[in-house]
Every structure is written in C-alpha cells, then in structure tokens.
Amino acid sequence: MSQQHYQRIWQTVLQIPAGKVASYGQIADLAGLPGRARLVGKALGYAPEQLAVPWFRVLRSDRSLAFAPGSDTANLQRQLLLAEGVLLKNNRVQQQDIWQPDLAELLFKLRY
DNA sequence: AGCATGACGATCT
DNA sequence: GAGATCGCCATGC
C-alpha cells in the first residue's frame with residue numbers, strides 16, 4: 001500500500017486527544033479510507049517511532065483492545081491509557097471515552 | 001492465479 | 001455482552 005495512505009492514517013491518529021480513543025474503522029473513515037480498518041492496524045505497526053503516533057488510543061469498534069488480553073502489548077496499552085485517565089473494564093473502555101471530533105475542524109487541520 | 005492471514009467490522013443468535 | 005459468521009482489503013507465499 002502507498003505511503004500516502006499510511007501518512008494520512010498517522011496524521012489522523014495524531015489528532016486523537018489524550019484521554020480519548022478511536023476505533024480502527026473510525027480512523028479509516030476520517031482518513032478518507034472507508035472500509036480499510038485493517039489497513040489502519042498495519043499502518044500503526046509501521047509508524048516511525050519518531051512520529052510518536054499514539055497507537056494505544058486506537059482500538060476495536062466494540063471498545064475492546066485488539067491485542068490478546070494479558071499479552072505484553074495489551075498490558076502496555078492498558079497502562080498508557082490508564083495514565084491518561086482511560087480506564088478499562090473487562091478489556092473495554094467506556095463509551096464516554098470515545099473521541100467524537102468536530103469534523104469541520106478536523107478536515108481543516110488535515111487539509112485533504 | 002489461488003489461498004491463507006490479519007492491531008477489523010456489521011449483523012444475528 | 002459473547003460467540004459465530006460472513007464481508008472486506010492488503011500482503012505474502
């Protein structure tokens with residue numbers, strides 16, 4: 001897949017504010033890539049460290065973490081979210097912690 | 001080209 | 001909510 005798509009995904013994820021989370025599908029939609037939720041996960045895995053993309057603020061549409069419960073990655077994600085005040089209950093975040101961006105403002109910042 | 005594999009998602013039970 | 005099923009799309013063998 002093109003770097004262009006990855007770039008858009010990374011830039012979109014960078015817009016998620018601390019203390020909020022978004023789903024893979026939501027990010028795909030906002031990045032102008034509807035139907036490609038799976039590509040978002042892949043892009044996050046390739047994200048350069050230097051860009052400091054908040055990958056831990058992205059999870060599934062059912063509000064559960066994508067990594068196996070108990071795995072090192074899942075534990076790390078849980079810790080990073082907790083540090084921002086996002087508490088997981090039974091591997092799920094609260095509905096209120098889901099990011100609901102102002103579309104006009106977001107599109108302006110991303111200027112697609 | 002065919003098939004399996006995912007940091008996924010919507011829908012039904 | 002949990003589990004099963006099917007759809008989706010990019011990748012790699």
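This is a predicted model: local features need pLDDT of at least 70, side-chain atom pairs count only at pLDDT 80 or more; totals for chains, interfaces and linings use all residues.

Me: OK, DNA. What is 2.7 Å from a phosphate oxygen of DNA strand B?

Reply: A polar backbone atom of G25. S61 makes a contact of that kind too, with a polar backbone atom 2.8 Å from a phosphate oxygen of DNA strand B.

Me: And which residue puts a polar side-chain atom 2.6 Å from a base nitrogen of DNA strand B?

Reply: R38, through its side chain.

Me: How many residues are around DNA strand B?

Reply: There are 13, where near means that a heavy atom of the residue lies within 4 Å. Y24, G25, R38, R60 and S61 come nearest.

Me: How much of the DNA side there is sugar or phosphate?

Reply: Of the atoms of DNA strand B within 4 Å of the protein, 43% are sugar or phosphate, and the rest belong to bases.

Me: Which helix gives the most to that surface?

Reply: α3 does, with five residues. Both α2 (24–30) and α3 supply at least two residues each.

Me: Back up. How many helices and strands does chain A have?

Reply: Five helices and two strands, taken as DSSP runs numbered from the N terminus: H or I of at least four residues for helices, E of at least two for strands. Along the sequence the pattern is α-β-α-α-β-α-α. The C-alpha atoms of chain A fill a box of roughly 35 × 25 × 25 Å along the principal axes.

Me: How much of chain A is buried?

Reply: Of its 112 residues, 37% count as buried. Buried is under 20% relative accessible area, exposed over 50%, and partly exposed in between, with a 1.4 Å probe and protein chains only.

Me: Take Q26 in helix α2. Buried or exposed?

Reply: Q26 is buried, at a relative accessible area of 18%. Its side chain reaches the backbone oxygen of W99 at 2.9 Å.

Me: New topic: rings. How many aromatic pairs?

Reply: Rings of Phe, Tyr and Trp (its six-membered ring) pair if their centres lie within 6.5 Å; planes under 30 degrees apart are stacked, over 60 edge-to-face, the rest tilted. By this rule the count is four. One is Y6 with W10, stacked at 6.0 Å centre to centre with 20 degrees between the planes.

Me: Where do Y6 and W10 sit?

Reply: In helix α1 (residues 3–13), four residues apart, about one turn of the helix. Together with Y46 they form one aromatic cluster.

Me: Give me another pair.

Reply: W55 and F67 are edge-to-face, 6.4 Å centre to centre, with 90 degrees between the planes. W55 lies in the loop between α3 (37–46) and β2 (58–59) and F67 in the loop between β2 and α4 (72–82), so the pair ties together parts 12 residues apart in sequence. W55 is partly exposed at 26% relative accessibility, and F67 is partly exposed at 34%.

Me: Last one. Which residue caps the N-terminal end of helix α5?

Reply: D102: a side-chain oxygen lies 3.3 Å from the backbone nitrogen of A104, and α5 covers residues 103–110. Just after α5, R111 has a positive phi of about 35 degrees.

Methods. Residues are numbered from 1 along each chain as its sequence is written. Chains are lettered from A and ligands numbered from 1 in the order in which they are written. Side-chain values use heavy atoms; hydrogens and water are left out. A polar contact is a pair of N or O atoms within 3.5 Å; within protein, one must be able to donate a hydrogen and the other to accept it, and residues adjacent in sequence count only if both atoms are side-chain atoms.
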